[in-house]
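Please look over the model below.

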Amino acid sequence: MDSTISVSKGCFVFKKPNKEKNKRKSKSKKQLTTNQPESELWHTTYIDIWNDVKSKIDDLTGSIYSKFISETVDFLTTSNITTNQYIPTACLLTGVNLPDHESLFGLLATNLEKSQPPVIVATLFSEHFSSVKNAVISMVSQLLNPNDDDSDFDEEMDESLNAVVKRSECTISTLIEWYSHQPTGTRVAILVKDYEMCQQTALQNFILLLSCYIKEIPIVLAIGIATSISNLHNSLPHHVVTKLKVKMFVSEASVVFLNNIMDQVFLKPDCSFYLGGRILEYVTEVFLYYNFSIKQFIESLKFCLMEHFYLKPLNCICVAHESAQGALFDSLDKKTLEEITKLRSTNYKYKIDNNFKETFLQLIRELKACIDDFHIGLRVLHILVVDLPHSPLGTQLREMYSTAMKKHIIDNTSFKMCLQLLKFLSKDDLLAKFDKIIHVFKNIKNNERAKTAIKLVQGYVKRLEESHLNNLVIVEDKPQEKPKDNLQAISRSQFKRKLIDNVKLEDTRPMTEFEKARSETLDNLTEVILRCFLVPPTTMPLNELLIFDDLPSIRRKIVGEDRAAQYTAFVNPQHYLDCDCCELEFTEQIFKTMPDISIVYKLHLESRFDQINIYDWLQKFISIVGPDQNDDDNDDDIDPVLQSRFVRAVNELQHLGYIRPSKYKADHVQRLTCGSC
C-alpha cells in the first residue's frame, strides 16, 4: 500500500527528523538497557550461560566464514583494475537465508576496512535503487561520511549526510575530488546486498556509470545473490555484463552452520543448557521449513534458555558449581522446595525432611553423570550408524539426539535395523569404527565407566583381529526343530509369520570365525556399553530442572500466529489490556470503552457482503461511541472528532490488510477477509 493513498484520501507531510530529538531518544534507550535486574539469580545465571554460548558460536561462525571472507577480500583487494572500464565484481552466492545476509555483509565490510591496501566501503540496499541519482547520493554520502549509519534509509536519509557534504553535493565529481586526497592505492568497494530485489533498470545504469569513472577511481563491486549465478546473466543485458569482471564465491549452506553449532556447542556435556528431544526437533523444523536463518535459530534457542531460567531458582541452582549449590539451596523458601516434590519425574515420593538437601544434591549429581554418559554414548552411536545405507537413524548427531532423548534408542526399531546392517560390514570397516570409538573413550577424563568401556572395546578389537575369514566354526550338535509342514493359517499375516519362522529354522549355513565374532561383538557392544551409556536423561528424577523440554510454552512464541493474535485483540481486547471495562459475556458484545479499531472491526464483521458502505459503517460507529449524535435533527452534522476517530480506525484496518478501497463504488470498501481469517 502506498504511504499517501488511503481510504480517507488524506494528504500527509513528511517532515525532516530532528537530530536533537533523536539524540534524546537514543540516550533514553541506553538508560533502559542498563537498568536491568542484575542482582536476581535467574537473570545472572541466564546472562552467564548465554555469554558463554554466544562466544562459542561467534568463534565457530568466524572459523566457518573465514575461508569465504578471506578469498573474497583477496579478490577485491588484489584484482588488477585496468583502464578498459572492467569492474572487478565478486558474486557472493549466499543462499536463501536472507536474514543472515546482513551479518555476512557486515563481516565482509569489516574485513575490507582492515585490509591492506586500505578499502573504503559503501553498502547499498534495494531501496537505494529507486533511481540512479538516489543510488549515487547514498554511495557518495557513505564514502565521504563513513561514521554515519545509513541502515534506516527511509526515515533518516537526510541525517546520514554530514553537514559538511550537502545532499546536492553528493555527485560523482565530488567523489573524484575527495578521492584525490586519499592515500595511494586506496580502493572503493560497493556492496550490493539484495541483488534480486533491486530495480534492474536503475542497477544497470548505475553499473554503466561506475564503469565510466573506473580510470579516476578504482572501484570494486560485491553483489549478494540468493539464487544462482545464472540470475545475474539473465537479468543484466550483454552490454552491462561485459563491463564486469566476475568471479563467483559460494558460502557454506545454512544446514552446515546448523549442524556445526549443534555438534560443537549445544550437544556437548560441558554446555550448561540441555535441550529436550521435542524442543530440538521443533526449532530444527522451523529452521528447515520456514527461513533457513541461523540468526533466528540462535534467537529461538536464546528464548528457550530465557524461558528455562525465568523466575526458577531451582533450575539456576542445578547449573551452578557444586561448591555453591549447598548455600544456594539453603536460601530457598519452603514453597519453592515443595515444587520439587510435585515434579512428575520424582513420582511424588520425596518429602521435605532433614535429609532432603543431601538427597536433592545427590540426585542432581546422578543426573549430570547420566547426561555426561549419554553424550559419550551418542558419539559412539554416531560413529557406528552415520554411514549405513538409507540412514535409519539419520546422519546428523542432532537427529540421533532427538530420538534418544525420548526413549531408550536401543529398543527402537530403527536401531535394530542398523544392527542388522552392521553385521554385514567387512573386517576392515568394522575395525576402523572400533578405532574411532576407542579414540572417543580416551578423550574422556575422570569417568570410571569410560575406562571400563575402553578395556571392553579393546578386547572386541583383539578378538576381531584374531578371527579368520575362511575358517568355519564347528557347531556342537544341538537338537534342532524341524520346520512345520502345516502352513494352514487363518489370515495372511499368520501365514507370512509361519513362512518366516520356517526360513529361520532352515537357515543352517555354517558361519566363519569372523562372522561369529562380528555378531557376538556387536551384540555385546549394544547390551553392555550402549545400553548403559544411552539411558535417556529424561527418565531420571529432577530432569525438568536441567533439561528444557516444555514445547507447548514456546510453540506459539517462536512461530507467532499473527492473524490469530490480531483477531483475539480486536474481538476481545480485554485479553491483552486486562481491563474490567471491556470484559465480555459473549463474543458479539460491543462496548464504547473498547479501542476504536476493535469497534470498527466487529462492526465490519456484521456485514453480509464483501462491499461495505462507509457512511452506514460510520453511523453504526457513532451510535456506539457517541449515541447522543443520533438525537440531532440534522444527520449530516457529524462530530468531526468522532469522524476522525472512525477514519483513523478504518485506515488501520486497511494497513493491516482487512479492507481496501472498492474499484466499483467510491463510497464503499471491499472486505478482504472472512470471519477470523
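Phe303 is partly exposed in this predicted model, because its relative accessible area of 24% falls between the limits of under 20% for buried and over 50% for exposed. The residue sits in helix H12, which spans residues 294–309. Beyond its neighbours within four places in sequence, Phe303 is in contact with Ile554, Lys557 and Ile558. Of these, Ile554 is 251 residues away from Phe303 in sequence, while their C-alpha atoms are 8.4 Å apart in space.

Two helix pairs come next. Two packed helices are described by the angle between their axes and the distance between the axes.

| Helix pair | Axes come within | Crossing angle | Handedness |
|---|---|---|---|
| H10 (residues 254–266) and H11 (residues 277–291) | 11 Å | roughly 160° | right-handed |
| H11 (residues 277–291) and H17 (residues 397–406) | 8 Å | roughly 145° | left-handed |

H10 and H11 are roughly antiparallel to each other, because angles over 145 degrees count as such. On the H10 side, the contact is made by Ser254, Val255, Leu258 and Met262, and on the H11 side by Leu280, Thr284, Phe287 and Leu288. By class, this contact has 6 nonpolar and 2 polar residues, with no charged ones.

H11 also meets H17, with Gly277, Leu280, Glu281 and Thr284 of H11 touching Arg398, Tyr401, Ser402, Met405 and Lys406 of H17. The residues of the H11 and H17 contact divide into 3 nonpolar, 3 polar and 3 charged. Leu280 and Thr284 of H11 take part in the contact with H10 and also in the contact with H17.

Terms used. Residues numbered from 1 in each chain as written. Predicted model: local features only at pLDDT ≥ 70, side-chain atom pairs only at ≥ 80, totals over all residues. Heavy atoms only, no water. Axes fitted to C-alpha atoms, helices over the stretch in contact; angles between N-to-C directions. Helix = DSSP H or I, 4+ residues; strand = E, 2+ residues; numbered from the N terminus. Parallel < 35°, antiparallel > 145°, perpendicular 65-115°, else oblique. Left-handed = near helix turned anticlockwise from the far one by under 90°. Contact = heavy atoms within 4.5 Å. Nonpolar A, V, L, I, M, F, W, Y, C, P; charged D, E, K, R; others polar. Buried < 20%, exposed > 50% of the residue type's maximum accessible area, 1.4 Å probe, protein only.
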